[in-house]
Amino acid sequence: MSEKTQRLDIVTPEKKIFSEDIRFFVAPGSEGELGVLPDHAALITALKIGLLRIEQEGKKFNIAVSGGFLEVRDSKATVLATAAERAEDIDVDRAEAAKQRAEQRLASKTPDLDVLRAELALKRAINRLKATGR
Amino acid sequence: MASLRDLRRRIKSTENMQKITKAMKAVSAAKMRRAQDAVLAARPYSKRIRGVLGRVALASGAVKHPLLAVREPKKVCYVIITADRGLCGGFNGNVIRRVTQELKGAVTEISMITAGRKGYDFFRKRGYNIDGQFIGLGEDIKYHTAQEISSLVIKKYTEAEYDEVYLVYSQFVNVLVQKPVVMKLLPAEPPAEEGQAKEGQAQKVNYIFEPAAEDVLAELLPKYLENAIYQGLLESKAGEQSARMTAMDNATQNASDMISKLTLSMNRARQAAITREISEIVGGAAALE
């Protein structure tokens with residue numbers, strides 16, 4: 001018996017990065033994480049920076065997304081991500097460097113510091129590292 | 001008739017020009033392929049964000065949002081996307097002509113935001129009020145550029161500096177065809193979803209919204225705007241490169257025609273010179289007898 005699946009598409013402004021049938025995924029919704037199984041009710045939600053955890057026929061993997069939207073309808077899920085990267089595509093060194101840069105910026109406390117932007121950059125960097133960590 | 005030496009010189013210089021146009025054609029062909037891939041890769045996102053926006057707008061009904069506020073169009077802004085460089089046939093001219101058409105008969109206060117040097121130069125010289133200019137976009141369009149443009153537009157719109165905002169760019173239809181289009185950016189008009197428009201309200205899906213539909217809409221609108229501009233930039237880039245390729249192809253062709261014409265008249269001139277010499281010799285010999 002084959003398991004019930006749903007279609008998951010992940011698109012970013014640059015390109016479509018993922019489009020496959022999967023069993024289950026957990027998305028970082030803006031109001032908290034939410035899991036979506038096939039035949040989920042129609043849903044639209046905003047996403048925050050976080051990991052999209054995907055289960056596909058015994059495989060489990062992560063995709064890092066930096067905010068966006070999720071729409072689920074008729075067992076078809078679409079993630080409109082501002083940016084998204086598969087764990088294996090993430091350059092760990094670069095993410096590490098970005099993290100350090102953001103930390104330094106936050107620590108330096110210069111008056112013209114855009115705290116919000118630096119914090120977001122830090123969050124994204126940490127998120128990318130987390131995606132590769134598992 | 002031009003002298004032999006002049007003809008040789010002209011052939012030489014035309015050949016040199018042809019080398020340049022040929023090289024430019026090859027370069028823009030390579031760039032075009034890249035730009036074209038980028039446009040095609042970006043289209044799914046555009047299409048979907050429009051779909052989602054339409055469905056969210058439908059579900060949230062008459063929501064008040066600063067970007068949806070409809071005002072009497074007294075102050076209109078045009079966001080104009082052209083290329084940074086010329087030598088691409090009528091590409092820039094077409095976009096500019098489209099804008100001038102729009103402006104004809106407009107009594108409103110007009111301001112512009114230009115992306116690309118050509119549009120900027122043109123409208124600055126004619127004394128238009130340019131609120132923002134983005135020059136030197138490079139070969140790879142950065143999403144960041146679109147974000148900058150859209151945040152400028154959003155800021156001016158929410159401060160009621162603009163009552164309407166239009167985007168003018170060149171749509172990449174195919175390698176031979178680029179169509180200048182004008183698109184209304186603000187007040188945002190959520191596109192009616194094709195399927196639902198046809199099948200009526202019965203098809204309306206009841207979505208769960210998290211957070212509330214209004215909040216999703218508030219987050220979605222700026223993203224939608226960014227994406228529309230980004231898409232415009234990409235389309236324009238691909239169009240520019242393919243227009244340049246076509247233009248350079250024509251130029252190379254014209255140079256070939258010119259060279260063959262000039263070669264023909266050169267040969268004629270040479271022939272004439274030889275004939276003249278012979279007849280002079282013959283004439284000279286005859287005079288001696």
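Modeller: Helix α1 (residues 4-60) of chain B packs against helix α6 (residues 213-288) of chain B at an angle of about 160°, with the axes 5 Å apart. Axes here are lines fitted to C-alpha atoms, for helices over the stretch in contact, and angles run from 0 to 180 degrees between N-to-C directions. Helices (H or I, at least four residues) and strands (E, at least two) are DSSP runs, numbered from the N terminus. The two helices, α1(B) and α6(B), are therefore roughly antiparallel (an angle over 145 degrees). The contact of α1(B) with α6(B) holds 35 nonpolar, 15 polar and 13 charged residues. Ala, Val, Leu, Ile, Met, Phe, Trp, Tyr, Cys and Pro count as nonpolar, Asp, Glu, Lys and Arg as charged, and the others, Gly among them, as polar.

This is a predicted model: local features need pLDDT of at least 70, side-chain atom pairs count only at pLDDT 80 or more, and totals for chains, interfaces and linings use all residues. Residues are numbered from 1 along each chain as its sequence is written, while chains are lettered from A and ligands numbered from 1 in the order in which they are written.

Now the chain contact. Chain B gives 21 residues and chain A gives 20, where contact means C-beta atoms, placed from the backbone, within 7 Å. On the side of chain B, α1, β6 (208-210) and α6 each give two or more residues. The largest share, eight residues, comes from α1(B). That side of chain B divides into 16 nonpolar, two polar and three charged residues.

Strands meet here too. Three bridges join strand β5 (residues 43-56) of chain A to β6(B), and the two run parallel; pairing takes at least two bridges found by DSSP. A:Thr45 stands opposite B:Glu210 in β6(B).

Note on methods: Angles under 35 degrees count as roughly parallel, over 145 as roughly antiparallel, 65 to 115 as roughly perpendicular and the rest as oblique. Two residues are in contact if their C-beta atoms, placed from the backbone, lie within 7 Å.
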